[in-house]
Every structure is written in structure tokens, then in C-alpha cells.
Amino acid sequence: MSSARPSRRAPATASSGLVLLVATRKGAWLWHGDSRRKTWRVDGPHFLGHVVSQLALDPRDGRTLLAAVKTGHLGPTIFRSTDFGRRWTEASKPPAFANAPGLPARAVDHSFWLTPGHPSQPGRWYAGTSPQGLFRSDDGGDTWLPLASVNDSASFRPWMGTQQDGTPDGPKLHSVIVDPRDPDHLMFGMSGGGVHESFDGGARWHTLIGGLEVVDGLDPAEVSFHDPHCIRQCPSRPDRYYQQNHCGIYRLDRTGDPAADRWQRIGRRMPKRVGDSGFPMVVHPHDADCAWVFPMDSQTVWPRTAIGGKPAAYMTRNGGRSWQRLDQGLPAEQAWWTVKRQAMTCDSRPTPALYLGTTSGEVWIGHDEGARWKPLARHLPEVYAVDVAERA
């Protein structure tokens, strides 16, 4: 087992407040904020020069950090810290595909998405990878086992794409969701592979693509044509889900009958000049009717920039019936960045603030539910993921 000390300095003793976890193409940083979000103390870089897809804090103990890292010498791996980043230890058995009889061999390029397990399952984590695969750890992230029901399934393989299918950095298995009411109820999305759900802890899966649209001219019945970008479950109403898709913004309200569940496209109420394509999706911690997106230019496949060079978040307060532009404080012109699927989040305060990281290496805070934006950091590498958590 390898260990690493990638910080330039050890952080001071953590106190109550917020911690912002920023993962980038060249390392990771932690911003420790006071309870009023007025002052921030930076700790980092960690893993300088290495690709960090996500940095996640375990909400079950408030101090354990996991980092999905692709290093130059160790390759794709996961690091773990139990002291808020003072010391990091590499997983003794990182995610790796098993050899499945009759199926082509695959190798993990990088771990992309980290999700802590249910509170009743301390030590459990899930990881989504590229090439697309799902892995589980039951010892706090030290050893990882592949879920054969996904990775070695002959039905899933055609939906998983290839590292050469045009998706930047390869297709991703992402948005791994554990229902807070039931540890056996799981959901995830796949780049070009649809939405999938299990009610038995991952032993069996069914697709959840009813109502989702695909690119014009393609068959919506073909799962591999569906491209969810980000899926979120509402903390205040767990039977409601929001999704930012390549083809629109959607909401799903569960009926109790999975066969009858259909996604409803709510992005058509966005301004026509803006459209409803983007990557991140954020839901309000206390109000299931409130959600935020950050649209991008999708006139063709590749711009993936702020529309017209004028970045803005959009918020709905009524479940998608109308949308409000939130751009106060953001650049008014010539800002050609965008926000990746993991790089926008909100805290859980009574009036939450939003946080986002940009492809140009900036971190912004949106006070009063995104009404007023201010920069927290500039000149970072390209930001891949931003998470925020309460410190114990």
C-alpha cells in the first residue's frame, strides 16, 4: 500500500463551518469557510500536477476524505485521508475490472464519481469509472470490488460506449445515487447509456428512460442513444428527481409504480435563445420545487461554452414551470468558460449559497441562492468538481 503527502502544508485544526472541496485537472484544494461564508482559508494544493476527478467528504463522520486521482506514476487510483487531508493513503486495491468470460477485457482509465453509502452502512462507498463501470468499497475506500451485475453484464456492454466514441476523456458512469430511505435503492447515469435503477442493492437493474428525448433522427427506444449529464434526488422530497440531459432538463415524480414512471421535460420553459442543454444540476436542500442549472452553447456538439460569452445560472422555484436568470456579479461579456457536471453545488444552510468552478480555473460563490455572485479563487487549473460540506 502506498502513501502520499501531497499538501504543501498541513491544514489548521478544523472548526465548525463549511469546507469547499475543489478538484481540478492539476490537483485539489480545500477552502475552509466560517459559518457566515465571509472568510475562507485555503489548504492546498493536494496531488499537484495529477488529475483529480472528485474530492468527497464522508458525511457519516465529517472528517474522512476520498480523492479520485489519476497519477502519472500510480495510474488511476483512489486516495483516502482520515484527518482532513494532512496525510493521504492510496487504496490497497483500487477499482479494476475483472476478466469476464466472453467479453472483451477492459482497464479503468480513471475513477470519475464518488458517492458515500447509506448511513446504515458505514464504510460503504460507490465509484463510477471511465470506461463505464460501477465499483463498491465496504472498508472506507481501501479495497474496491466490481459490481458484476453492471460491469460484466452482456446487456450493459452495448450501452457503455468506448474510450474513442467522441466523449471528452471517455464516457463516464456518473450520478450514483443512494436513496436516503433505503440502502438497496440505487440509481446511476451513463454517458450515452441511459439511466438505470436497482431496488435490491445492485443485483438486478432496470432502465429508467421513459419520457427522455434523444438527438433528432435517433430512436428513443435504443438505450445507448440516451445521454444523461447529471441526475439529482431531492433531499426534501426523495420521490422527486431532476436531470440535466444532453437533450433537455427533466423532472421525475415517482408514482409508486416503476413501470409507470416517466421523465417530464421542464426545460422547454427556458428562454429559446438559451435552450436547455448543459451539464450540472443542483437541487435545493429544503424546497423540492427549486433547482438550478448552468446552460451551455449546444448549437453544435463542441462549443461547450457560456452562451454568447455571457455566463449565467438559471433557477426554477416552481418545479420547472418558469426559470430566472442569475448573473449579477458574473462577467457580462467575453467569458467563454462553462461548468462541468460535478462543478456546481449548494450548501444546506436555510438560505443556501451556490458554488461553481469553471473550465477556466475560477471558483465562484452565489450568495442568496445564486442572486449575487463573487469570485472565491482565480487562476486554478480547469475545475472538474466542486463539493461543499459542513465541518463537524
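Where is Pro131 found? Here are a few notes on this predicted model, starting with that residue.

1. Pro131 sits in the loop that runs between strand 10 (125-130) and strand 11 (133-137).

2. Another cis peptide bond can be found between Gly44 and Pro45, where omega is about 10°. Pro45 belongs to strand 4 (residues 40-46). As background, most peptide bonds are trans.

3. Next, please check the backbone at Arg37. This residue is not a glycine, yet phi of Arg37 is positive, near 65°. Arg37 lies in the loop between strand 3 (27-33) and strand 4. Its relative accessibility is 13%, so Arg37 counts as buried, the cut-off being under 20%.

4. Asp368 also deserves a glance, with a positive phi of about 50° in a residue that is not a glycine. Asp368 is part of helix 2 (residues 367-370). Because its relative accessibility is 41%, Asp368 counts as partly exposed. For context on phi, most residues other than glycine have a negative value.

5. Finally, a word on the surface. Val215, Leu218 and Phe225 make up a nonpolar patch there, and together they have about 220 Å² of accessible area. Phe225 comes from the loop between strand 16 (206-207) and strand 17 (228-233). With 34% relative accessibility, Phe225 counts as partly exposed, a class that lies between buried, under 20%, and exposed, over 50%.

Conventions. Residues are numbered from 1 along each chain as its sequence is written. This is a predicted model: local features need pLDDT of at least 70, side-chain atom pairs count only at pLDDT 80 or more; totals for chains, interfaces and linings use all residues. Side-chain values use heavy atoms; hydrogens and water are left out. Patches are made of residues with over 30% relative accessible area and no salt bridge: like charges are joined within 9 Å, nonpolar side chains (Val, Leu, Ile, Met, Phe, Trp, Tyr) within 5 Å. Accessible areas come from the Shrake-Rupley method with a 1.4 Å probe; for residues, only the protein chains shown count as cover. A salt bridge is a side-chain nitrogen of Lys or Arg within 4 Å of a carboxyl oxygen of Asp or Glu. Helices (H or I, at least four residues) and strands (E, at least two) are DSSP runs, numbered from the N terminus. Buried means under 20% relative accessible area, exposed over 50%, partly exposed in between (1.4 Å probe, protein chains only).
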